[in-house]
Amino acid sequence: MRSSVHAALSLALLATLVSSSTANPGNRLAWLQGPVDPYYVSHGFPRLTTHQWTGDPKIDAVVVLAIDDMRDVQRYERFLRPILDRLKRYPAPSGLSIMTNRIDPADPHLQRWLQEGVSLETHTLDHPCPLLQKGNFAAARRTYEACVDLMASVPGSHPVAFRMPCCDSRNTPSPRFWQEIFNKRTEKGHFLQVDSSVFQLFTPADPELPRDLLFDDSGAPRFARYVPFPSFVNLIYNYPYPYVIGRLCWEFPCMVPSDWEAQHVQQPNNPRTVQDWCRALDA
């Protein structure tokens, strides 16, 4: 996939399980007021299940299919057209999110995508990797806010989400990003509500997960093999649910593996990638 569009195609899988309960009589909303920590959740943390946040008991799970790095609208149209046409076969409303760098907001093809349910989202204007590099915080904020304002200028579009450049391959997110950039308005008054930069990894630490989903035929961990290097820490574990960062940001975690992580391990167009995505959905 990356060889076709040089983008990170990621699944944010938001499963539905029975919500956790606790006998602790303390204020369970205190997590919404503490310091900015994007990694505080785990399989024992209370869950905002799919039934709760969609308000529809018939929906068991929501899959957000998203692709990054768009600059050339027609190139992405060629790559995404088979996916968009396939999504139309399903009775439920189906769309796709494009995390965008730079486009012409007046490009007429954007209106076709919006009519098809495509969501045009943000990915910084210049794609710095990492965003907060060289100690230049002002530059990081400029490229983020300029992209938010650009995507807000597309007629009929209302961007709500962001993904950090290179978040599946490097430790690019930082608590300072959510505290001082994301949870603020741009000079033009725009702001976002959703981030999808933290990656979710299924592990045997959750006793509810079937072992055949967590291990391959050789007995090796199925998903941990995709983590790109030993010191990669942009991860939460066994928590495929929306959660709040810094009181204002809803985090929709991405599922390991992204397509980049899979290609890093087993090259592009490998059927094992799709098989493991299916197992992640089952988990």
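This section describes a network of salt bridges and a helix–helix contact in a predicted model.

Side chains of opposite charge can pair when their charged atoms come close. In the model, 15 salt bridges are present. One of these links glutamate 77 to arginine 112, with a separation of 4.0 Å between the closest N and O atoms. Because glutamate 77 belongs to helix α3 (residues 73–87) and arginine 112 to helix α4 (residues 109–115), this pair ties together parts that are 35 residues apart in sequence. The two partners are assigned to separate classes of accessibility: glutamate 77 has a relative accessible area of 9% and is buried, whereas arginine 112, at 39%, is partly exposed.

Arginine 81 takes part in two of the salt bridges described here, one with aspartate 85 and one with glutamate 116. The N-to-O distance between aspartate 85 and arginine 81 is 3.1 Å. Both of these residues lie in helix α3, where they are four residues apart, or about one turn of the helix. Aspartate 85 is partly exposed, with a relative accessibility of 36%. Arginine 81, by contrast, has a relative accessibility of 13%; this value is under the 20% limit, and the residue therefore counts as buried.

In the salt bridge between glutamate 116 and arginine 81, the closest N and O atoms are 2.7 Å apart. Glutamate 116 is located in the loop between α4 and β4 (118–122), while arginine 81 is in helix α3, so that this pair, too, ties together parts that are 35 residues apart in sequence. Both glutamate 116 and arginine 81 are buried. Through shared partners, salt bridges join Glu77, Arg81, Asp85, Lys88, Arg112 and Glu116 into one network.

A further feature of the model is the contact of helix α5 with helix α6. Two packed helices are described by the angle between their axes and the distance between the axes. For helix α5 (residues 137–152) and helix α6 (residues 175–182), the axes come within 11 Å and cross at roughly 65°. The crossing of α5 with α6 is right-handed. On the α5 side, the contact involves Phe137, Ala140, Arg141 and Tyr144, which meet Arg176, Phe177, Glu180, Ile181 and Phe182 of α6. Of the residues in this contact, six are nonpolar and three are charged, and none is polar.

Terms used. Residues are numbered from 1 along each chain as its sequence is written. This is a predicted model: local features need pLDDT of at least 70, side-chain atom pairs count only at pLDDT 80 or more; totals for chains, interfaces and linings use all residues. Side-chain values use heavy atoms; hydrogens and water are left out. A salt bridge is a side-chain nitrogen of Lys or Arg within 4 Å of a carboxyl oxygen of Asp or Glu. Helices (H or I, at least four residues) and strands (E, at least two) are DSSP runs, numbered from the N terminus. Buried means under 20% relative accessible area, exposed over 50%, partly exposed in between (1.4 Å probe, protein chains only). Axes are lines fitted to C-alpha atoms, for helices over the stretch in contact, and angles run from 0 to 180 degrees between N-to-C directions. A crossing is left-handed if the near helix is turned anticlockwise from the far one by less than a right angle, and right-handed if clockwise. Contact means heavy atoms within 4.5 Å. Ala, Val, Leu, Ile, Met, Phe, Trp, Tyr, Cys and Pro count as nonpolar, Asp, Glu, Lys and Arg as charged, and the others, Gly among them, as polar.
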